[in-house]
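Please look at the protein shown below and go through it together with the briefing that follows. The notes are grouped by topic and written for a reader who is new to protein structure.

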Amino acid sequence: MGSISGGKQNLIIVSNRLPLSVKRVDGSFQSSLSSGGLVTSLAGLTKSTQFQWFGWPGLEVRDLGDREEVSKSLEAHNAIPIFLDSTLAHEHYNGFSNRILWPILHYQSGVTFDDTPWQAYKRVNELFADAIVESAESGTLIWVHDYHLMLLPELLRHRLKQQGKACAIGFSLHTPFPAGDFWRNLPVRKHLIEGLLSSDLIGFHTDEYKQNFIDTCASLLDARTEIPNQIQYKNRLVCTNKFIVGIDPQKFTDTLQTPKVQDRIRTLKERYKGVKVIVGVDRLDHIKGLTQKLSGFDTFLDDHPELQNKVVLIQVAVPSREDVKEYQDLERDLCTMAGKINGKHATPEGTPLLYMHRSVPFAELTALYSVADVCLLTSTRDGMNLVAFEYVACQEERHGVLVLSEFAGASSFMSEGSISFHPANTTEMSEAIFKAITLDPSERKSKYEYLRNFVNENTR
Ligand code: ADP
Ligand code: G6P
């Protein structure tokens, strides 16, 4: 993180997950880079900006001495842990944020509301507010991120006022915001929107998410929304904006040049000589459309027997939210599907699907991106999807083709340079894959140039 070298600190970033996640290994604490689009998109800020980053360290630390040790190790990165007891953290993170709110933000039906996790969500937002207000000085900009902390702007504003501190509050949502009628599924829908409306500025990834939010404020709270991008509510004026998050492409191009990655690329190229490589990298999450992806690939293999042993899908499914039942069920389903696909299409010469349920190191990730002819991303809904950007950053030589679901936020900026499809339509997906692997070089080049320019213009 950016170092704060004396003087006044004027930016505080807040997110549930810190950029470093702490684990207890053999009695001592170790931290590693957290995965996910939020951390990726904010990590680049450290190059140009100095800030403190408040968040949950990812584990329970009870002992005061241990807390000091964890805080010290994170201090070097300007990351400030907010310690939570494990039951509270579990109910807030798994219970409300990921079992109730996340699915609703992504248009998943059948969500059941429960009061215990909701109470924990409120409590955790309060604990965050207490810690941040203590550190903030007048003039600090407090920039809150994501759906785990939607009540925080209101709690902050109240406490700051009590303490006579004047701070601007920004909020960025890294997920979609659904259409108003869908948002109604959440019984506490009003509380969350009111929580956000204490911000000065609220940012969304796309115009569609932003407009959904504005329309919801009008219909749910009778807020005034006649002026574009502004919401008037309870004598306050709140601005909204679209902010395109991006990546640091240089980090990928530099890594690609290292001897270790060059070696790995040579090995992979040799291994897949004469074979078209399709890559997928996703957190193991329903919203990534992984079951749809495997079904679509199965259909593609059925449709193109002439391509037997000539195409491989390398799918990395990064373990995520493993304490939530729906994620455990999904993992089981994917394993079964992967086994069935290979059972049906494998030959003594090889298997068409390599399904890896684990996290891969950054060097390996860049090598995979680099050797792949196609990147297949099948999100049923997705705030942005930065994997699409990362693939492009690693394809300067090959001009690989991006096959991107129309429901990824990135699609609203990248559709011209990619092949778009509906993730629930396996025939359309199969055709999109075929088109991608047979696209002529001049069309590949022009699509690639469009994407490269977009990624390079929207760096973080
Ligand atoms: P989401 O935020 O929903 O996970 P994104 O595609 O926007 O989806 O972002 C995923 C991010 O996680 C990417 O930047 C990707 O490189 C990163 N990532 C993937 N695998 C790993 C890993 N093993 N370790 C750390 N980060 C990873
Ligand atoms: C998405 C969310 C982030 C979250 C990330 C990883 O990008 O918008 O807030 O950090 O997924 O999920 P996790 O549950 O591991 O923090």
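In this predicted model, 18 residues of domain 1 are in contact with 15 residues of domain 2, where contact means that the C-beta atoms of two residues, placed from the backbone, lie within 7 Å. The model is a prediction, and local features need pLDDT of at least 70, side-chain atom pairs count only at pLDDT 80 or more, while totals for chains, interfaces and linings use all residues. Residues are numbered from 1 along each chain as its sequence is written, while chains are lettered from A and ligands numbered from 1 in the order in which they are written.

- On the side of domain 1 that touches domain 2, α1 (37-43) and α3 (86-105) each supply at least two residues, and the largest share, four residues, comes from α3.
- The residues of this side of domain 1 divide into two nonpolar, 14 polar and two charged; here Ala, Val, Leu, Ile, Met, Phe, Trp, Tyr, Cys and Pro count as nonpolar, Asp, Glu, Lys and Arg as charged, and the others, Gly among them, as polar.

**Overall build**

- The protein has 17 helices and 16 strands, which are DSSP runs numbered from the N terminus (helices are H or I with at least four residues, strands are E with at least two).
- With 460 residues, a compact globule would have a radius of gyration near 23 Å, and the protein agrees with this because its own value is 23 Å; the radius is taken over C-alpha atoms, and the globule rule is 2.2 Å times the number of residues to the power 0.38.
- Along its principal axes, the C-alpha trace of the protein spans about 70 × 50 × 40 Å.

**The sheet of eight strands**

- Eight strands form an open sheet with mixed pairing, in the order β5-β4-β1-β6-β7-β8-β10-β9, where two strands pair if DSSP finds at least two bridges between them.
- The edge strands of this sheet are β5 (79-81) and β9 (230-233), each of which pairs on one side only.
- Strand β1 (residues 11-17) and strand β4 (residues 52-56) pair in the parallel sense over four bridges, and Arg17 stands opposite Trp56 in β4.
- Helix α4 (residues 115-135) packs on the sheet, touching β1, β4 and β6 (141-145), and its direction makes about 160° with that of β1; axes are lines fitted to C-alpha atoms, for helices over the stretch in contact, and angles run from 0 to 180 degrees between N-to-C directions.

**The sheet of six strands**

- Another open sheet, of six strands with parallel pairing, has the order β13-β12-β11-β14-β15-β16.
- β13 (353-356) and β16 (419-421) stand at the edges with a single partner strand each, so one side of each is left without a neighbour in the sheet.
- Strand β11 (residues 276-283) pairs with strand β12 (residues 311-318) in the parallel sense over eight bridges, and Asp282 stands opposite Ala317 in β12.

**Surroundings of the ligands**

- Of the 16 residues around ligand 1, Ser35, Gly37, Thr40, Ser359 and Leu386 come nearest, where a residue is near a molecule or strand if its C-beta atom, placed from the backbone, lies within 6 Å of it.
- The shell around ligand 1 has eight nonpolar, six polar and two charged residues, and α1, β11 and α14 (387-393) each supply at least two residues of that shell.
- Ligand 2 is surrounded by residues that include Arg17, Asp146, His174 and Arg321, and its shell draws at least three residues from each of domain 1 (9-242) and domain 2 (249-457).

Technical notes:
Domains from an automatic or database assignment.
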